[in-house]
Amino acid sequence: MSRAWLEQRERGNLAALRLMTWVARALGDGVARALLAPICWYFLAFAPRARSASRAFLARALGRRATLGDVYRHFHTFACTLLDRVAVLSGNRADFDVRLNGADAIEAALAARRGCLLLGSHLGSFEVLRVLGEARRGIVVNLVVHEAHARHASRWARALAPELEARIIAPGQPDTLLRVQECLERGEVVAMLGDRVLRGERSIACDFFAQQTRFPTGPLLAAALLGAPVVTFFCLFRAPRRYDVHFALLAERLPAERPARDAAVASALQGYATQLEAHARAAPWNWFNFYDFWETG
């Protein structure tokens, strides 16, 4: 899998994010959504790498050549989820319509009171998990996210929701595994993204869109070492403030000792990649990796 996302310059200017937040709050959601069209046309014109990456992915997912209209719809879907993120972080979650599929998978995992590791991706909206956590009282969601490449967006999010600080765990740090373990021991949910490889991170190749693509082993190795069940989740946009969420049990318990662990992790990671591909084909406009994911250039 491409590591270009780590070097890709952040386009999310803090002032622009704050302006959009102000527009949504002061002038209403309707005005803010009306502004999404010119913003998307701007990126179509002046973001050639993102435009090229969108075309490349959509051609795979749709099985045909992607048109300019397809790319516009792709950008617009991403912009809509960002505006929904403003609402979620601002605490305006009451009018979200979130349809659950496979909720019994996470409920069964949490029933054992040993916590649960949720494995997601940059397909759809990671932030919708906060809506679910609030709607289902007693479910605490912690997020393991890499923020170094998006400092402006992180500052913006924390300004909107200061309580995020206590629930965000940075990956690759000396205390990362310990913090995840503490959350699991309290019976909480720990959510991670499994579709991007950090620099120097261990990874293995999986079949993804008929091509060998590398995915990180870190999340599943952590689950194996900590004895946590792993449930996949995909929060897919279908309309403003309307999402379909899919859960599926990936592994009840991965072996902690090698070599059984390595084989089980490889098998589970291929299962994750297969699920990711299936959902990406079903909801291609939700794919938010706007760079050369397969390093074809």
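**Reading cores, sheets and rings in a predicted model**

Reader: Which residues touch the most other members of the largest nonpolar core?

Author: Among its 46 residues, Leu118, Leu129, Ala191, Phe233 and Phe247 touch the most other members. Helix H6 is the element that gives the most to this core, with nine residues. A nonpolar core here is a set of buried Ala, Val, Leu, Ile, Met, Phe, Trp, Tyr and Cys residues joined through side-chain atoms within 4.5 Å. Buried means under 20% relative accessible area, exposed means over 50%, and partly exposed is in between (1.4 Å probe, protein chains only). In soluble globular proteins, nonpolar side chains tend to be buried together.

Reader: How should I treat the numbers and names?

Author: This is a predicted model, in which local features need pLDDT of at least 70 and side-chain atom pairs count only at pLDDT 80 or more, while totals for chains, interfaces and linings use all residues. Residues are numbered from 1 along each chain as its sequence is written, and side-chain values use heavy atoms, with hydrogens and water left out. Helices (H or I, at least four residues) and strands (E, at least two) are DSSP runs numbered from the N terminus.

Reader: What does Phe247 touch?

Author: Contact means heavy atoms within 4.5 Å. Not counting residues up to four places away in sequence, Phe247 touches Leu100, Asn101, Gly102, Ala103, Ala105, Ile106, Leu118, Leu132, Val231, Thr232 and Phe233.

Reader: In what order do the seven strands of the open sheet lie?

Author: Two strands pair if DSSP finds at least two bridges between them. The order is S1-S9-S8-S2-S5-S3-S4, and the pairing is mixed. Strand S1 (97-101) and strand S4 (168-169) are the edges, each pairing on one side only. Strand S2 (residues 116-120) and strand S8 (residues 230-239) run parallel and are joined by three bridges. Leu118 has Val231 in S8 as its bridge partner. H6 packs on this sheet, where it touches S8 and strand S9 (242-251), and its direction makes about 105° with that of S8. For such angles, axes are lines fitted to C-alpha atoms, for helices over the stretch in contact, and the angle runs from 0 to 180 degrees between N-to-C directions.

Reader: How many aromatic pairs does a search of the whole structure find?

Author: The search finds 24. In the pair of Phe57 and Trp287, the ring centres are 4.6 Å apart and the planes are at 10°, so this pair is stacked. It links distant parts of the chain, 230 residues apart: Phe57 is in helix H5 (residues 48-62) and Trp287 in the segment after helix H12 (260-282). Both Phe57 and Trp287 are buried. Phe78 and Phe288 have ring centres 4.9 Å apart and planes at 55°, so that pair is tilted. Phe78 lies in H6 (residues 68-89) and Phe288 in the segment after H12, 210 residues apart. Rings of Phe, Tyr and Trp (its six-membered ring) pair if their centres lie within 6.5 Å; planes under 30 degrees apart count as stacked, over 60 as edge-to-face and the rest as tilted.

Reader: Is Phe78 buried or partly exposed?

Author: Phe78 has 30% relative accessibility and therefore counts as partly exposed, whereas Phe288 is buried, with a relative accessible area of 8%.

Reader: Which residues do ring pairs link into a cluster?

Author: The cluster holds Phe57, Phe208, Phe209, Phe215, Tyr272, Trp287, Tyr291, Phe293 and Trp294. The charged end of Arg60 sits over the Trp294 ring, 3.9 Å from its centre. That reading requires NZ of Lys or CZ of Arg within 6 Å of the ring centre and within 35 degrees of the ring normal.

Reader: Where is Phe209 found, and what is its phi?

Author: Most residues other than glycine have a negative phi, and most peptide bonds are trans. Phe209 is in the loop between strand S6 (203-208) and strand S7 (211-216), and its phi is positive, near 55°. Ala210 is found in the loop between S6 and S7 and has a positive phi of about 60°. Phe209 counts as buried at 5% relative accessibility, while Ala210 counts as exposed at 71%.

Reader: Which residues does a cis peptide bond join?

Author: The cis bond joins Arg258 and Pro259, with omega about 5°. Pro259 is found in the loop between S9 and H12.
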